Protein chains: 4
Amino acid sequence: MSESMRAFVIEEVGRTAVVDKPIPEPGPEEAIVRTTAALICTSDVHTVKGALPVPGGRTLGHESVGVVHRLGSAVTGFTEGQRVLVGAVTPCYRCTYCQRGFTSQCGGALGGYKYTTQMDGNMAEYFVVPAAAANLTPIPDDVPDAKAVYACDMLSTGFMGVEHSYLQFGETVAIFAQGPVGLSATIGAHLMGAGQVIAVESRPERQALAKQFGADLIVDFTQGDPVEQIMDLTDGVGVDAAIEAFGFPQTFEACVRVTKAGGRVSNIGYHGENPNPLQLPLDAFGLGMNDKAIHTGLCPGGSERMARLLRLMQSGRVDPTPMTTHTFGFDEIELAFDLMTTKQDNIIKPLITF
Amino acid sequence: MSESMRAFVIEEVGRTAVVDKPIPEPGPEEAIVRTTAALICTSDVHTVKGALPVPGGRTLGHESVGVVHRLGSAVTGFTEGQRVLVGAVTPCYRCTYCQRGFTSQCGGALGGYKYTTQMDGNMAEYFVVPAAAANLTPIPDDVPDAKAVYACDMLSTGFMGVEHSYLQFGETVAIFAQGPVGLSATIGAHLMGAGQVIAVESRPERQALAKQFGADLIVDFTQGDPVEQIMDLTDGVGVDAAIEAFGFPQTFEACVRVTKAGGRVSNIGYHGENPNPLQLPLDAFGLGMNDKAIHTGLCPGGSERMARLLRLMQSGRVDPTPMTTHTFGFDEIELAFDLMTTKQDNIIKPLITF
Amino acid sequence: MSESMRAFVIEEVGRTAVVDKPIPEPGPEEAIVRTTAALICTSDVHTVKGALPVPGGRTLGHESVGVVHRLGSAVTGFTEGQRVLVGAVTPCYRCTYCQRGFTSQCGGALGGYKYTTQMDGNMAEYFVVPAAAANLTPIPDDVPDAKAVYACDMLSTGFMGVEHSYLQFGETVAIFAQGPVGLSATIGAHLMGAGQVIAVESRPERQALAKQFGADLIVDFTQGDPVEQIMDLTDGVGVDAAIEAFGFPQTFEACVRVTKAGGRVSNIGYHGENPNPLQLPLDAFGLGMNDKAIHTGLCPGGSERMARLLRLMQSGRVDPTPMTTHTFGFDEIELAFDLMTTKQDNIIKPLITF
Amino acid sequence: MSESMRAFVIEEVGRTAVVDKPIPEPGPEEAIVRTTAALICTSDVHTVKGALPVPGGRTLGHESVGVVHRLGSAVTGFTEGQRVLVGAVTPCYRCTYCQRGFTSQCGGALGGYKYTTQMDGNMAEYFVVPAAAANLTPIPDDVPDAKAVYACDMLSTGFMGVEHSYLQFGETVAIFAQGPVGLSATIGAHLMGAGQVIAVESRPERQALAKQFGADLIVDFTQGDPVEQIMDLTDGVGVDAAIEAFGFPQTFEACVRVTKAGGRVSNIGYHGENPNPLQLPLDAFGLGMNDKAIHTGLCPGGSERMARLLRLMQSGRVDPTPMTTHTFGFDEIELAFDLMTTKQDNIIKPLITF
């Protein structure tokens, strides 16, 4: 008889619970990880609100680290007890989408995001890692769990936003919204050689973090049209790239407006909250002819990328932990989730310890 | 006293004329070309309808070849009497936009398109070539004017549409509309290794040309929703890239819909006719996360690119002249322009000889 | 008791044989294919000469197609009896090298090339396909085995040579040697939009094939220094890219010499025959400062790429079968191998049928 | 009668002098700059030793800033008296090489490097700026001359070395030699997101600067084979990229040896001192098949790039001035040049003030 574990699940739209489930068994290419630390993601708040159709009882969560509990028969190169990181997106790496390099679209659009949508998530005491050979990443001894866990989603997504900005060194970039993903983009833009980072944010504590993470200028959209403010700050020229980290049509449109001809718009915001299509204004879009480009994407996973994120933490070049405003034990998960839903108490990112 | 020449001008919105103007003098970095052949572009039809604000009396035209008449004092490497091609877009190559590689955005959005918008166009017996060192291209002896003139705009724009599709060999591409620019994209997609070219077009004569130029499949949008037809033709998967060569919100949206996750939408249609913003439907756009990319651009100019287009004509790999459905002398220019405006008589592209 | 099959093996350096082996069993992620057609590769000639250390009794061969005989327990999406293609290189797609996109370097340098070097090759009646989910490619009904089998290595390698040339449409490229890989590069250069393809070859029958496959000019190195000939043909400017498909220091150096500043050298030749290091002459290499780039690689595998190659055969855009100068039954394999070793009878590529 | 100025010239191989020359007049597209600060470059030491054939009396120097003295008739957008920077390489931006994006190869190999080789250099009280529209860069008020002057060559070259490394964030890079160009590459690698920078250098003061500029590890080649040391430091795997900033066959070969399969070698060293060809060892080069790439280049110029470098200085992200070990007035130029030739007194970079 298999042992049981506790898992944080969605019962139905609007209702969560902590339930007992059997500790899972690994298939030949899988691994089971015992969770040691996790972060709650706003995506899960969206899921509970009904953004994605998931069956009742499905475990939530996709930002967890832990230690290898068991390895599938075909998985080599890891040992039980080893500290490991698993990306929020866990591609198979073998389908045609993966072979084309679009691993987050594994098997089809957004299909690399398997936790919660296709299988139990990892806000639980144990969780399954598909395609473990590619998705298990050893954590170096000198990187604590509470830091490493930011690689799973936040840094990977934020840095993708910067990669999709195709910045040349010294170029200018505006980042719309400084929630945890936007803040991660700010860390990434600073890391990858931006010459000027303009962060759009109104909350004082997020503005302060943005500056700490490398933003050169803050635009407060409650103090005036952010497009006008950014055009003024750039002498009417606009920025080389804009990163949408908010997920609303207005900020998406603002990104198109603040970029110069030849500029890039990089979307990392989740646009599932607002049912209206995104719009491209003809003037700012140059009637479709001003060499602007728009890129989109979903948190890349995989151990190779995760290892590079961990290396940057190891060398001290990247430290996202100032985003951890709150810490809870797993027995307080429902309280933590409520706080993440209401965004009260100036919460940015709550860490869950196991 | 300077000699005079005839020029085809816009008198005011909706009215054109052939008028006498002085033959222009070259500035130090300019050249004067005596026109030998030209094509009429639908862009000029748009201009006459009022799409772009231009002063009365401005010469129309931007697709002309000819012979060097006079060279500015600082222009070397060319000789008077030499047959030359000049791209529709004539960048300075020295401003920051040009230095960044966005030469069609010379000095700012769409600023490389100087003929008619910033200076007299070249539907005239003589015309000015700015930055002649970069914009004059010798025409090889074995490429006739009537063929070479397609490089100025049609092939350069259509091929840019393919370049912005970032096709890997053997990939699939749908091209929406087979007017002269869409047909040029079809030529380019075939030239650059597409595995399957799906051309969307309803007019039989354009369908036939599309097939002649390399389209593998034709989708007639009068026979059913083209998005559904393309999804059916691709087993529900969609295409790797879609090229918008029509200039309407519906076709732009269709491009987003028919591309698979990780696909590219490449816009070459002119979206100045319809005032509504373009729309990105959230489902087909993957909520901003399905690794789709959208690229835009404006006909690249410059002698280096023009020379590559001419080389492809020289070797026989590219022959766009089947698009020339009509030929007129310059004294019939108003008749030709009317025909291009009404699109009667199955006109695709009228050649003007001087 | 397992059934037995015949396999063509290397007994020791310089000696081959046809032997009986058990038909292999698939591991969970593997498949077994029953061979229907194969090509002999010069790489195997090198192997038999001792270029690579392989244990005695190892089956040779890496260019085979067939039908699915058995599927491993974890392999889905294929059916027994289905016609399939398997690339010469069969990566795991999950190691860090594969995740970085260098699938031919799976697990380390050249590690994606597993047949013969790490496991039995596929010049046998049955063979194993590792990571079958990524390495099995269905063959369309309208592509015969004798054509499809060219995708395994020849076309994939030759086309990679062109991809690593980073050709813009209309650019010029010189291809050194027109053996089957060089001829495949010629097909690819023509397919992907080269403006001028210069093929360097002295054998008349290979020159003829090169022209048939799209070469515009032939340089016969027995008639004078090919570098000088190419510089003459390009008005002293040189080519945009050069592809080394021969595998000797002199041709590699010639590639560096014939490219213009900013040009690319793409190596697809196997340099294991000559023990001397390759040399970069300082003048032609611009003292290390003339923006030349050198790219190398090894036949990419994977079903996504193979499917694109097959699509090009399906549409009739690519037909490599004129390279098949000889056909043998598998019972004549030793005769065929001898002929491939001596390169007598104007052999280019011998097809083996099962 | 034109006024005269002092200029530092090469009289003949091995002999320099300060002489009087007329202050130059600008052509229509040129500008004259009055020099305020300059750096001496080791390239000039090579020139005086005879590396490049230049006529006697030619002014040396290519790293100077100053104020606009006079503008050619066709140059707009600048004012006399304005503080400006001019890159060491001053391309025309209009020839086919420039149009292809290889502006440092303007007109042909290395042709963008015009100072001293094609015209008087700028180690003089006044100097000519060709194609001034593209090559004059305004210096922001808050960047002093002594800092801005590093953009001309050192930072532009060093950063190009990093750009040609095609680093993904968090990757590893080894930089061979920490002279001023190698140190600039170290600054650039740190700026652009390297995860681990290994600097190869034996001189203590350069090791210290390398660490200050972002090197994580120092390899002293006097303490053992640097290839072995780097392989040890990377657990036998090697680095993702290696930058050659020394200019010798041994270091070039070491770069090939320390990179992993799929790695990039980026050359910024000047290989004119040693007449032997560079060598690619077959094992480390994977017999030409291990997906390694080699890139070369020459200090990119142009105001757009220079402005990005200046922006990074303005924001405080880049400060190269710790490399300025010595400062001299222009009347001490010969003393400074001697010191740069002998490399005594731990000199790295001497600043010349006017």
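This is a predicted model: local features need pLDDT of at least 70, side-chain atom pairs count only at pLDDT 80 or more; totals for chains, interfaces and linings use all residues.
How many residue pairs are in polar contact between chain B and chain D? The count is ten residue pairs, both residues of each pair being at pLDDT 80 or more.

## Relation of chain B to chain D

Chain B is superposed on chain D by a rotation of 180°, with 0.0 Å of shift along the axis and an RMSD of 0.0 Å. The two copies are thus related as by a two-fold rotation axis. Among the residues of chain B, B:Y93 comes closest to this axis, its C-alpha lying at 2.9 Å.

## The interface of chain B and chain D

In this interface, 14 residues of chain B are in contact with 14 residues of chain D. Together the two chains bury about 1,400 Å², and 54% of this area is on carbon and sulfur atoms. Three residues, B:R94, B:Q99 and B:E304, supply 50% of the area that chain B buries against chain D, more than any other three residues.

Two salt bridges are counted between chain B and chain D. In one salt bridge between these chains, the side chains of B:E29 and D:R94 meet at 2.4 Å, N to O. On the side of chain B that touches chain D, the helices α2 (96–99), α3 (132–135) and α10 (303–314) of chain B each supply at least two residues. The residues of that side divide into six nonpolar, four polar and four charged.

## The interface of chain A and chain B

Between chain A and chain B, 44 residues of chain A are in contact with 44 residues of chain B. The area buried between them is about 3,500 Å², with 61% of it on carbon and sulfur atoms. Across this interface there are two salt bridges. The side chains of B:R100 and A:D240 meet in a salt bridge at 3.5 Å, N to O. The polar contacts between chain A and chain B amount to 17 residue pairs, with both residues at pLDDT 80 or more.

Strands β13 (259–267), β14 (278–280) and β15 (293–296) of chain A each supply at least two residues of the side of chain A that touches chain B. The largest share of that side, five residues, comes from β13(A). By residue class, the side of chain A that touches chain B divides into 20 nonpolar, 17 polar and seven charged.

## Strand pairing between chain A and chain B

Strand β15(A) is also joined to a strand of the other chain. Three bridges link β15(A) to strand β15 (residues 293–295) of chain B, and the two strands run antiparallel. In this pairing, A:H295 stands opposite B:A293 in β15(B).

## Salt bridges over all chains

Over all chains the count comes to 64 salt bridges. One example lies within chain C, where C:R264 forms a salt bridge with C:E171, the closest N and O atoms being 2.6 Å apart. Since C:R264 belongs to strand β13 (residues 259–267) of chain C and C:E171 to the loop between α5 (154–163) and β9 (172–176) of chain C, the pair ties together parts that are 93 residues apart in sequence.

Notes:
Residues are numbered from 1 along each chain as its sequence is written. Chains are lettered from A and ligands numbered from 1 in the order in which they are written. Side-chain values use heavy atoms; hydrogens and water are left out. Copies are superposed by least squares on the C-alpha atoms of residues with pLDDT of at least 70 in both. Contact means heavy atoms within 4.5 Å. Buried area is the accessible area (1.4 Å probe) that two parts lose on being put together, summed over both. A salt bridge is a side-chain nitrogen of Lys or Arg within 4 Å of a carboxyl oxygen of Asp or Glu. A polar contact is a pair of N or O atoms within 3.5 Å; within protein, one must be able to donate a hydrogen and the other to accept it, and residues adjacent in sequence count only if both atoms are side-chain atoms. Helices (H or I, at least four residues) and strands (E, at least two) are DSSP runs, numbered from the N terminus. Ala, Val, Leu, Ile, Met, Phe, Trp, Tyr, Cys and Pro count as nonpolar, Asp, Glu, Lys and Arg as charged, and the others, Gly among them, as polar. Two strands pair if DSSP finds at least two bridges between them.
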